[in-house]
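Hi,

Here is the structure I promised to pass on.

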Amino acid sequence: MIGSTMLILSVLLYILYVIMSRGLPSLSWKMISQIPSGGFYLGKEGGILNAIMGSLYLIFFSVVISLMISVPVVMYLNFTLRRKSRFAAFARLTFDVLFGIPSIVYGAFGFTVMIYLGLQASLLGGIIAVSLLIIPVMIRSIDEVAILIPIELVEATKSLGATNYETIKVIIRQLLPGISTAVLLSVGRGIGDAATVLFTAGYTDSIPTSLTQPTATLPLAIFFQLSSPVEEVQNRAYSAALVLTIIILALSFSARYFSRRFSKNKI
Amino acid sequence: MELIISPSITDQQKPKVMNISHSHKSHIVVRNLNLYIQDHHILKDINLIIPDKSITCIIGPSGCGKTTLLRTFNRLHDDSVDIKISGKLFVDGEDIYAKGTEVTHIRKKMGLLAQRPCSLPMSIIDNVAYGPRIHGIRGRRKLYEIARHQLMAVGLWDEVKDRLKSPASKLSIGQQQRLCLARGLAVEPEIILGDEATSALDPISSKTIEELFVTIKDKYTVVLVTHTLRQAKRIADYVAFMYMGELIEFGTADQVFNHPKNKLTQEYINGGFS
């Protein structure tokens with residue numbers, strides 16, 4: 001047991017070491033504050049701000065949309081349907097299957113949706129695909145918490161004369177720790193995924209200013225730079241990976257901080 | 001055996017079942033109430049007038065419909081699609097199962113204590129202030145005063161006054177049950193419903209809750225479902241005995257416990273079955 005724990009820990013530390021040792025030297029302010037200029041992919045001037053901003057835009061909108069879909073789904077499964085409802089069991093199974101579908105499939109599916117809607121590779125396309133990818137993650141992890149909420153909470157609130165809307169607010173408060181975990185998990189899954197955005201979001205050297213423009217993303221920035229023969233560009237891929245890791249870490253810490261603050265008190 | 005019986009009743013002659021409180025004004029009047037869950041007939045033609053300002057205990061063996069009956073009083077069955085209810089149930093003269101009756105003001109008239117206390121996911125003080133707040137009372141000072149008053153009424157104030165802002169879930173289960181009572185009282189109900197409110201508590205907490213029921217019955221109509229006969233004997237003014245979905249006997253505690261009319265009641269009280 002201790003052997004396997006140590007093995008996996010050392011693998012993690014080694015990955016971090018490689019990213020750091022190769023990425024840190026080429027990580028500079030210029031790298032994260034500029035968009036690529038001509039010849040960037042041959043080792044010339046510029047940075048990966050396009051990919052950073054692209055990834056952040058993409059994940060932000062995807063998380064917001066997914067939350068707006070997932071929370072009502074979880075509410076319906078847990079509080080409208082009865083606990084032993086067959087439909088709820090079927091729905092949960094479906095979400096588990098969706099959870100396991102490889103992200104490239106979502107990318108391809110998102111691509112067909114885009115064609116159907118007449119969209120080109122764009123931020124919107126990427127948002128649709130990433131939302132599809134993370135909705136099952138979200139539903140399942142919020143559901144884990146919602147299942148534990150006693151039906152008495154609903155009854156206690158209602159017996160005080162609360163309307164349905166007020167009851168829902170109380171339930172959402174109880175769900176908050178679950179919601180923040182869900183956001184965290186889905187940000188982790190969504191922001192680091194290359195396959196979903198490959199067809200749908202495209203890649204560009206500029207920062208998107210509208211939903212219909214294509215956008216760069218960090219995973220693809222890593223992918224393109226890593227496949228370059230120029231060593232300097234390869235090192236930049238590692239620093240992009242480092243940036244991605246830092247973003248995920250920062251989000252994870254702030255999510256923990258906020259969920260702890262929220263769960264304390266106040267309406 | 002100790003009985004607490006209001007003097008006006010003990011002096012009376014053996015009252016006729018069901019008509020016991022005609023002289024009183026009554027908050028809850030049940031007329032020919034039937035309840036079905038899918039095809040099962042759970043409550044069979046219940047007729048009951050619950051006397052005001054006293055403690056009525058509903059007793060009976062498990063599965064006889066005690067809790068189901070209690071939950072009809074504030075329409076907690078509303079969300080269950082396979083439950084059908086017929087008959088009339090008047091709260092303050094208003095038929096609450098009539099079409100178009102708005103439910104929140106009926107529920108506001110009743111505080112519910114569940115078997116296991118269920119605190120809301122907020123601080124101690126917000127738990128008590130929640131009810132008044134959703135019914136439109138604003139102002140920190142005012143809400144604080146209400147919370148303080150109700151927490152005092154349930155004897156919790158001294159225990160929690162230094163940590164009003166900490167989460168209610170940190171309280172012990174007995175304290176939480178008292179908090180739930182304070183939360184229920186804060187919306188100024190007329191009726192307190194208790195669904196085996198002490199069964200999950202330790203003996204000392206449950207004694208505290210019982211004593212609270214006795215104290216508040218001057219102001220509120222208390223209806224308790226209880227599984228323990230001894231508790232009913234300790235605190236009930238009136239007792240309703242149910243068996244297999246029927247209301248077998250209703251009367252003062254003295255009458256039901258000491259001179260039961262029905263053979264079933266007698267058997268149950270003597271511990272023939274439980």
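Helices H4 (residues 86-100) and H6 (residues 123-146) of chain A pack at an angle of about 130 degrees, with axes 8 Å apart (axes are lines fitted to C-alpha atoms over the stretch in contact, and angles run from 0 to 180 degrees between N-to-C directions). That makes H4(A) oblique to H6(A), since oblique is what remains after under 35 degrees (roughly parallel), over 145 (roughly antiparallel) and 65 to 115 (roughly perpendicular). H4(A) brings Phe95(A), Asp96(A), Leu98(A) and Phe99(A) to the contact, and H6(A) brings Pro136(A), Val137(A), Ile139(A) and Arg140(A) (contact: C-beta atoms, placed from the backbone, within 7 Å). Helices here are DSSP runs of H or I, at least four residues, and strands are runs of E, at least two, numbered from the N terminus.

A word on the source: this is a predicted model, where local features need pLDDT of at least 70, side-chain atom pairs count only at pLDDT 80 or more, and totals for chains, interfaces and linings use all residues. Residues are numbered from 1 along each chain as its sequence is written, while chains are lettered from A and ligands numbered from 1 in the order written.

Between the chains, 19 residues of chain A are in contact with 25 of chain B. H7(A) gives the largest share of chain A's side, 7 residues.

Over in chain B, 4 strands form an open antiparallel sheet in the order S2-S1-S4-S5 (strands pair if DSSP finds at least two bridges between them). Strands S2 (40-50) and S5 (94-95) of chain B stand at the edges with a single partner each, so one side of each has no neighbour in the sheet. S1(B) (residues 28-37) is joined to S2(B) by 7 bridges, and Ile37(B) has His40(B) as its bridge partner.

Cheers

Key:
Contact = placed C-beta atoms within 7 Å.
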